[in-house]
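Please examine the following structure with attention to its sheet, its chain crossovers and one of its pockets. The paragraphs below take these topics in turn.

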Amino acid sequence: MTAAVRKQQFNFNKLQKRLRRNVGRAIQDFNMIEDGDRVMVCLSGGKDSFALLDILRNLQARAPVCFELVAVNLDQKQPGFPEHALPEYLRGIGVPFHIIEQDTYRIVKRVIPEGKTTCGLCSRLRRGILYTFAAEHGMTKIALGHHRDDIMETLFLNLFHGGKLKAMPPKLLSDDGQHVVIRPLAYCKERDLAAYAEACQFPIIPCNLCGSQENLQRQAIKSMLRQWEKQFPGRVENIFAALGNVAPSHLADTGLFDFAGLGARNGGQAPNWLPGGHEEDEEETPTTLVNNQSVEIRIPWLAVRQV
C-alpha cells in the first residue's frame, strides 16, 4: 500500500468516525431510536440519504438497542429516473426495501406554473405518501436525511420569508400525532456528507424536478451562510448552537412566555389598549402597495385532488 493510499484510507476512516459520532450523539440527545423500533429510512437517491442509511447500518451492528432498518424510495415518475439503480444497490448491500410508485411529477407540473418553485407542493405530496406507507407497514420511526446545513437554511428561510423563528427539529411528531420523524444527520455538516458519498461512490440520482431550479431562495441562503463562514469563521457554528440555547423570556412570543403576568400587580389581566376595540382589527383586510396605491391581498387556497 502506497503512502498516498494509506493517507486516503486514514482520512476516510477519520471522516467516517466523525459522522458516526455525530449521528450517534444526535440519536442519544433526542432519544431518536429505541429498542424494537422499525425505522423507515427515506432514500431519495441523493448523497444525504445514502449516507444516512450507510451510517445507520454501521451503527446498528454495535448499537445498545435492537432495531430494524427498512429503506423506502418514492418513485415519482420523473422523466429519465433510473428505476433500476436503487433496487440494484439495496439488493447488493442486503437491506430490506420498498419502492413506492406514485406519479406526483405529473401532478406538480400540472398545478405549478412553469418557472415557479415546485419544492413546496412536491414535498407535501411526498410526505403524505410516505406517512401513509409508514402507517400501513408498522414503521415506528421515519428517518430523513436532512443535515445541519438544511436546518440552518430553513431557519433563515422562515425568518426572512415567513416571519417565523422556526427551523427543522431533529425529532418531530407529525400533525396527526401518528408518526415520529427523526433527522439523525442533524449534527452532520453537508461538506462531510458530500465527501463521504464521493468516497463511498454511492449511485447518486439527481433530482431533475426541483434540483434544477437555480434561483430557489434556499440557494441564496446557502450562499449567504457559505460567505459568512468564509468571512467570519465560527459564525455558522454559533448559529447552530443557538438553536439549542433558546431564551424564551428574551424573545417576544406571548404564547411561549408569560409577559403579561411578568411583574403584574393585577394578576396579568391587561385592559384593552387598542383604539376602537378588537372589532376594528378583525375587519381590517391585509393590503400591500402597488404603484403607490393600497391593494387588498387575496390568497386563494391551493387545492390538490388525490389521483
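In which strand is F97 found? F97 is found in strand β3, where strands (E, at least two residues) and helices (H or I, at least four residues) are DSSP runs numbered from the N terminus. This is a predicted model, in which local features need pLDDT of at least 70 and side-chain atom pairs count only at pLDDT 80 or more, while totals for chains, interfaces and linings use all residues. Residues are numbered from 1 along each chain as its sequence is written, and side-chain values use heavy atoms, with hydrogens and water left out.

F97 counts as partly exposed because its relative accessibility is 22%; the classes are buried under 20% relative accessible area, exposed over 50% and partly exposed in between, with a 1.4 Å probe and protein chains only. Between the C-alpha atoms of F97 and C42 the distance is 10.0 Å, although 55 residues separate the two in sequence.

The sheet to which β3 belongs is open and has six strands, in the order β3-β2-β1-β4-β6-β5, with mixed pairing. Two strands are taken to pair if DSSP finds at least two bridges between them. Strands of a sheet pair through backbone hydrogen bonds, either parallel or antiparallel. The edges are formed by β3 (97-101) and β5 (171-173), each of which pairs on one side only. From one strand to the next, the twist averages 25°, with axes being lines fitted to C-alpha atoms (for helices, over the stretch in contact) and angles running from 0 to 180 degrees between N-to-C directions.

Strand β1 (residues 38-42) is mostly covered, with four of its five residues buried. Its parallel pairing with β2 (residues 68-75) comprises five bridges, and R38 stands opposite E68 in β2. To pass from β1 to β2, the chain goes through helix α2 (residues 47-60) in a right-handed β-α-β crossover; right-handed here means that, with the strands pointing away from the viewer, the path from the first strand over the helix to the second runs clockwise. β1 also pairs in the parallel sense with β4 (residues 141-143), over three bridges. In β4, K141 is the bridge partner of V39, and A143 is that of V41.

β2 and β3 are likewise joined in parallel, by five bridges, with L74 opposite I100 in β3.

F30 counts as partly exposed because its relative accessibility is 31%. Its C-alpha atom lies 7.3 Å from that of P170, a residue 140 positions away along the chain.

The second largest pocket holds about 590 Å³ of space. On a 1 Å grid over the protein atoms alone, a pocket is an open set of points where a 1.4 Å probe fits, with protein on both sides within 12 Å along at least five of seven lines, and lining residues have an atom within 4 Å of a point. Grid points are joined across faces, edges and corners, and the volume is the space filled by probe spheres set on the points. Of the 22 lining residues, L155, A242, L243, G244 and V246 are the closest to the centre of this pocket. Helices α6 (148-162) and α9 (235-243) are the elements that give two or more residues to the lining.
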